[in-house]
2 protein chains.
Amino acid sequence: MKATGVVVEYNPFHNGHYYHLQETKNVSGADCVIAVMSGNFLQRGEPALLSKWKRTKMALLGGADLVIELPYSFATSHAPRFAYGSIYLLQSLGAESFCFGSESGDGALFNETHDLVNSQNYTYQAKLREFIDTGLSYPSAAARAYEALETPLALDLSKPNNILGFEYVRASRELGFRIKPLTIKRKNADYHDVLLGKGDIASATAIREAVFSSDIRKAKHYMPSFTFDLLAEEQSVKGTLMNWERLYPLLRYQLLSSSPSEINTFYEVEEGLEYRMIDAMRSCDSFESFMKQLKTKRYTWTRLQRACLHVLNKIRKEDMLALLESPPGYIRVLGMTGKGREYLRSVKKSIDLPLVTTVSKHDFAGLEMEAKTSLVYAQGAVRNVLRAEKEEFNTPPVMVE
Amino acid sequence: MKATGVVVEYNPFHNGHYYHLQETKNVSGADCVIAVMSGNFLQRGEPALLSKWKRTKMALLGGADLVIELPYSFATSHAPRFAYGSIYLLQSLGAESFCFGSESGDGALFNETHDLVNSQNYTYQAKLREFIDTGLSYPSAAARAYEALETPLALDLSKPNNILGFEYVRASRELGFRIKPLTIKRKNADYHDVLLGKGDIASATAIREAVFSSDIRKAKHYMPSFTFDLLAEEQSVKGTLMNWERLYPLLRYQLLSSSPSEINTFYEVEEGLEYRMIDAMRSCDSFESFMKQLKTKRYTWTRLQRACLHVLNKIRKEDMLALLESPPGYIRVLGMTGKGREYLRSVKKSIDLPLVTTVSKHDFAGLEMEAKTSLVYAQGAVRNVLRAEKEEFNTPPVMVE
């Protein structure tokens with residue numbers, strides 16, 4: 001059996017994702033699609049709309065065969081780290097290729113660009129530092145540094161999906177280039193596009209806006225019916241889907257009951273950010289107003305949200321740094337189809353990493369952080385911690401036959 | 001001018017408190033009554049129904065002339081420490097006497113009992129240790145140790161108000177006996193009595209039960225109209241009065257996002273209590289069920305609630321112990337009548353401790369803890385922290401002319 005991989009968040013799963021999975025099968029010629037998916041917290045520093053279990057179900061219903069959890073320490077990291085953990089897991093599972101959506105759609109171009117950037121790495125690093133020193137955020141400085149290279153790049157590295165794809169390619173090459181990058185051109189929707197209504201594909205950002213608007217049905221046209229049903233069910237049971245506003249009272253309590261030096265022990269809280277967080281918390285009754293007050297040119301919204309996430313989850317610098325020293329130490333299966341199970345059986349003996357199907361039976365570095373952050377997530381969603389803990393510890397992989 | 005003192009919580013102020021204030025004036029012959037009152041958190045390890053500002057207003061309307069805050073580190077301590085801080089403040093303010101309600105009502109008996117216990121202190125301590133070693137809680141063991149003394153005590157030290165009164169007397173004698181103990185017999189209501197309806201005096205416990213029952217008006221008969229009006233207003237504005245249930249989500253978040261060793265750094269968390277708290281938190285959706293699961297013969301409900309309070313407020317052992325080494329370092333005026341102000345003016349020059357009227361202008365040991373715990377209290381009551389902070393930092397004393 002031949003497997004390919006995708007790196008996903010599915011927040012929530014929509015028609016664009018469905019198209020991506022179908023095309024991935026086409027271009028890779030693989031029998032089995034492995035999705036490496038973030039758990040309850042995402043790369044933009046946000047809680048997922050729906051729990052990892054429900055999003056796993058969406059992934060399987062939408063065409064993935066095996067869903068693997070990207071651990072918290074990778075899932076909530078900057079793009080290079082996020083990409084490295086994801087590609088590492090796919091490679092460990094024996095995938096021959098991986099396929100990402102990009103604005104470019106030209107796979108060869110990613111490889112060429114990687115070589116070109118490498119050959120001008122000294123200039124790139126110097127320019128990057130220079131732009132950061134002018135007060136730009138890391139992503140803006142990086143985009144400007146690419147533009148400033150002597151040999152211009154044909155790949156537009158100011159586009160979000162090109163950037164992420166470029167990081168996947170870089171990770172794959174760092175890992176010995178044993179897993180082949182494939183890319184397909186994204187259809188119809190820009191990542192940041194917040195308008196619905198062009199064809200039947202819209203960005204996840206636009207869909208989230210619709211989901212949190214007065215009428216969830218506005219989003220129905222842009223997602224498979226199983227996504228809509230799961231969203232509507234969650235909304236009717238819990239009143240509203242998960243978002244930062246539901247967790248803000250806990251973040252605020254954490255900020256007001258801790259000293260600045262305690263807050264500074266949490267990952268990504270640097271350069272006096274703890275004082276700015278405390279100040280903003282004092283006058284803001286919503287997470288949105290809190291973030292607006294926190295925002296400066298220096299930090300991206302994403303970077304600040306990630307810092308908030310680590311404060312909320314009480315992730316200490318030393319604990320995170322210890323995890324970041326190594327690649328993922330286990331493969332956690334969140335769900336599979338019959339075909340996914342067959343694939344797993346066929347490669348089981350050649351996989352170096354231990355397979356985790358239920359957390360309660362294992363004790364690997366990083367799994368404890370997974371359990372802890374899942375319980376915090378559950379605080380915004382359900383009142384019963386035991387139920388949340390059972391779900392995290394004892395849920396067997398989701399099976400879709 | 002001649003002043004006397006009372007030590008109070010007023011949770012809430014009721015007819016029994018009114019009677020106590022009137023009788024205090026009668027038996028002391030004083031012109032001015034000083035009330036030392038706990039702030040937002042109380043000796044039983046609970047948040048007060050109403051904020052310190054509203055309870056101060058009740059105190060002034062009910063007959064007190066000057067209301068002084070008992071700092072958190074004393075207000076939430078065991079009886080000896082609670083009594084020591086209170087009597088120290090009253091003595092510092094130049095009160096000639098203090099007056100407490102007791103089951104006994106016989107002031108001379110408290111003094112005699114103090115001498116008698118002192119003369120048999122060695123036996124008392126040995127017995128106390130013996131009963132504690134059988135697994136009894138401190139208060140039960142103390143009551144049994146008193147009973148077991150060779151010369152029997154005429155004062156019944158198993159009654160809650162006798163015990164507290166005895167601690168006041170002990171504190172006053174430790175402090176040089178410059179302030180004279182007076183006691184009046186409590187009317188009609190036992191401290192733990194939960195039934196309303198005997199005359200027009202009921203215990204605060206019974207009144208709180210009525211207040212949290214379906215109909216707050218059941219409690220109306222047992223309190224002055226200004227108390228009822230303040231309670232009813234608060235209930236209509238906030239939906240319900242403050243209690244532990246409103247703070248439980250924050251306590252639970254604190255417990256689930258902290259390691260056992262972190263929780264063990266908080267005051268009164270001893271002997272593995274951190275593990276039992278974490279276990280109980282996992283399966284309990286309400287503070288009441290949480291406490292029921294936590295309770296053992298070894299610890300009183302009060303002792304456990306106090307430990308919860310220190311976890312909620314993140315009060316570290318070392319911070320609390322540093323404060324407990326010294327008597328209160330300042331006198332914080334929460335409110336006064338014209339007569340109270342006149343008294344304060346007359347004694348101002350002879351008072352050794354600094355007077356604090358608005359917190360924002362001072363920086364004394366203990367005041368920071370007051371501010372921090374007030375903000376946590378406000379989390380259960382209002383959503384805007386800034387408003388809560390302004391209230392704590394900038395509220396001038398309540399004036400009732």
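## Domains and buried residues

Student: What distance separates the centres of domain 2 of chain A and domain 3 of chain A?

Tutor: The model is predicted. In the domain assignment of chain A, domain 2 covers 112–158 and domain 3 covers 244–321. Taken over C-alpha atoms, the centres of domain 2 of chain A and domain 3 of chain A lie apart by 29 Å.

Student: What area is buried between domain 2 of chain A and domain 3 of chain A?

Tutor: The contact involves 6 residues of domain 2 of chain A and 4 residues of domain 3 of chain A. Carbon and sulfur atoms give 52% of the area buried between domain 2 of chain A and domain 3 of chain A, and that area is about 390 Å².

Student: How many residue pairs are in polar contact between domain 2 of chain A and domain 3 of chain A?

Tutor: Across the interface of domain 2 of chain A and domain 3 of chain A, the rule finds 0 salt bridges. On the side of domain 2 of chain A that touches domain 3 of chain A, the residues divide into 3 nonpolar, 3 polar and no charged. With both residues at pLDDT 80 or more, the count of residue pairs in polar contact between domain 2 of chain A and domain 3 of chain A is 1.

Student: Is T113(A) buried or exposed?

Tutor: T113(A) sits in helix α5 (residues 107–119) of chain A. Not counting residues up to four places away in sequence, T113(A) touches L153(A), L155(A), L157(A) and F166(A). The cut-off for buried is under 20% relative accessible area. T113(A) has a relative accessible area of 2%, so T113(A) is buried.

Student: How many of the 11 residues of helix α2 of chain B are buried?

Tutor: Helix α2 of chain B spans residues 52–62 and is mostly covered. Among its buried residues are W53(B), M58(B) and L60(B), and also K52(B) and R55(B). G63(B), with a positive phi near 130°, follows α2(B). The number of buried residues in helix α2 of chain B is 8.

Student: What separation do the C-alpha atoms of E234(B) and L49(B) have?

Tutor: E234(B) belongs to helix α10 (residues 225–238) of chain B, and at 9% relative accessibility E234(B) counts as buried. Leaving out residues up to four places away in sequence, E234(B) touches L50(B), K54(B), G239(B) and L241(B). E234(B) and L49(B) are 185 residues apart along the chain, and their C-alpha atoms are separated by 9.4 Å.

Terms used. Residues are numbered from 1 along each chain as its sequence is written. Chains are lettered from A and ligands numbered from 1 in the order in which they are written. This is a predicted model: local features need pLDDT of at least 70, side-chain atom pairs count only at pLDDT 80 or more; totals for chains, interfaces and linings use all residues. Side-chain values use heavy atoms; hydrogens and water are left out. Buried means under 20% relative accessible area, exposed over 50%, partly exposed in between (1.4 Å probe, protein chains only). Helices (H or I, at least four residues) and strands (E, at least two) are DSSP runs, numbered from the N terminus. Domain bounds come from an automatic or database domain assignment. Contact means heavy atoms within 4.5 Å. Buried area is the accessible area (1.4 Å probe) that two parts lose on being put together, summed over both. A salt bridge is a side-chain nitrogen of Lys or Arg within 4 Å of a carboxyl oxygen of Asp or Glu. A polar contact is a pair of N or O atoms within 3.5 Å; within protein, one must be able to donate a hydrogen and the other to accept it, and residues adjacent in sequence count only if both atoms are side-chain atoms. Ala, Val, Leu, Ile, Met, Phe, Trp, Tyr, Cys and Pro count as nonpolar, Asp, Glu, Lys and Arg as charged, and the others, Gly among them, as polar.
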